[in-house]
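Trainee: Please put the model up, and I will ask about it in turn.

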Amino acid sequence: MTSAHSNAPSSAPSRVSSGVIHIRTRQTSHFTVLANRLAQRAGSAVTVGVAAYILSLPDGAPITIAALCTHFAEGKKAIAEALRELEDEGWLERRVERGPRGRVVTRTFAYDVPGAVPESAATSAPAPETCREPEPAAPPQQAPEAVREALPEAVGLLARLPHRDRRLLLSEREITTLAPAVTEWLDRGVPPQEIAAALTDGLPARINRRPARLLAHRLAVLRPPARTSPLPEPDRPPVVPLQNCDGCDRAFRADHPGHCRACRVSAEARPAPEVHCAA
């Protein structure tokens, strides 16, 4: 008795009148599981093909642009754009890590589902409880629409960077991530023209990583100091106006006109006139 769900091709004609008719075969080796979300992805067919090829490779296989160009007929530009799209959507992730001898290396992780946790990590036993306090959770990422409405000046500045250097083309997610740092510069009194110059002047001839990482590094390293409120002036005594002495025409400070101190001392030292009474 055969199963109703046999994978063997049926000899009976299919009732489908148009479109594709699948002839499926159960495979037990040399196959790759590909999510429909990726296989049916709208857009560039090169991106889907590069993703499927990377997922079919064994761990440790090189997936540089040069290595992929030896397999595909498309040029470096198309392959680089496909890798960028896959990284933006979470199918690929590049991590810069430090090796055991201190050497910095870049490791690339390919996900069959974006954001998936490796099975070894998901099925491993939970770590024993310690006395350390739990680390604070990262703040939730704001939606691109919310960031665009809340930080329009920063979003517009980042979107215009390709006019100065076309290599600085950013995705919507990258603009959403960088906009708060640009807003901090604006709040510290830096004009938009100076921010754009700080992000684009003196760029290397070749950018080996995503431009968003380079821009984030510059925004953090070149960040201007925060504005400081002016210190309140200390309380000073009121200024006493100058007066002209009525006796010697010297200038002296007093609230009202009169004689200077020298004239007053001289008048006090002068003997009083003698008064004679008539007999």
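This is a predicted model: local features need pLDDT of at least 70, side-chain atom pairs count only at pLDDT 80 or more; totals for chains, interfaces and linings use all residues.

Mentor: Residues are numbered from 1 along each chain as its sequence is written, and side-chain values use heavy atoms, with hydrogens and water left out.

Trainee: What share of the residues in the protein is buried?

Mentor: Buried means under 20% relative accessible area, with a 1.4 Å probe and protein chains only. The protein has 279 residues, and the buried share is 23%.

Trainee: How are α10 and α11 oriented to each other?

Mentor: Two packed helices are described by the angle between their axes and the distance between the axes. The axes, lines fitted to C-alpha atoms over the stretch in contact, come within 9 Å for α10 (residues 192-200) and α11 (residues 211-221), and cross at roughly 120°. Angles under 35 degrees count as roughly parallel, over 145 as roughly antiparallel, 65 to 115 as roughly perpendicular and the rest as oblique. The two helices, α10 and α11, are therefore oblique.

Trainee: Which residues of α11 meet α10?

Mentor: Contact means heavy atoms within 4.5 Å. From α10, the residues A198, L199 and T200 take part, and they meet L215, R218 and L219 in α11.

Trainee: Is T47 buried or exposed?

Mentor: T47 lies in helix α2 (residues 45-56). Beyond its neighbours within four places in sequence, T47 is in contact with R41, A82, E85 and L86. Its relative accessible area is 1%, so T47 is buried.

Definitions and conventions. Axes are lines fitted to C-alpha atoms, for helices over the stretch in contact, and angles run from 0 to 180 degrees between N-to-C directions. Helices (H or I, at least four residues) and strands (E, at least two) are DSSP runs, numbered from the N terminus. Buried means under 20% relative accessible area, exposed over 50%, partly exposed in between (1.4 Å probe, protein chains only).
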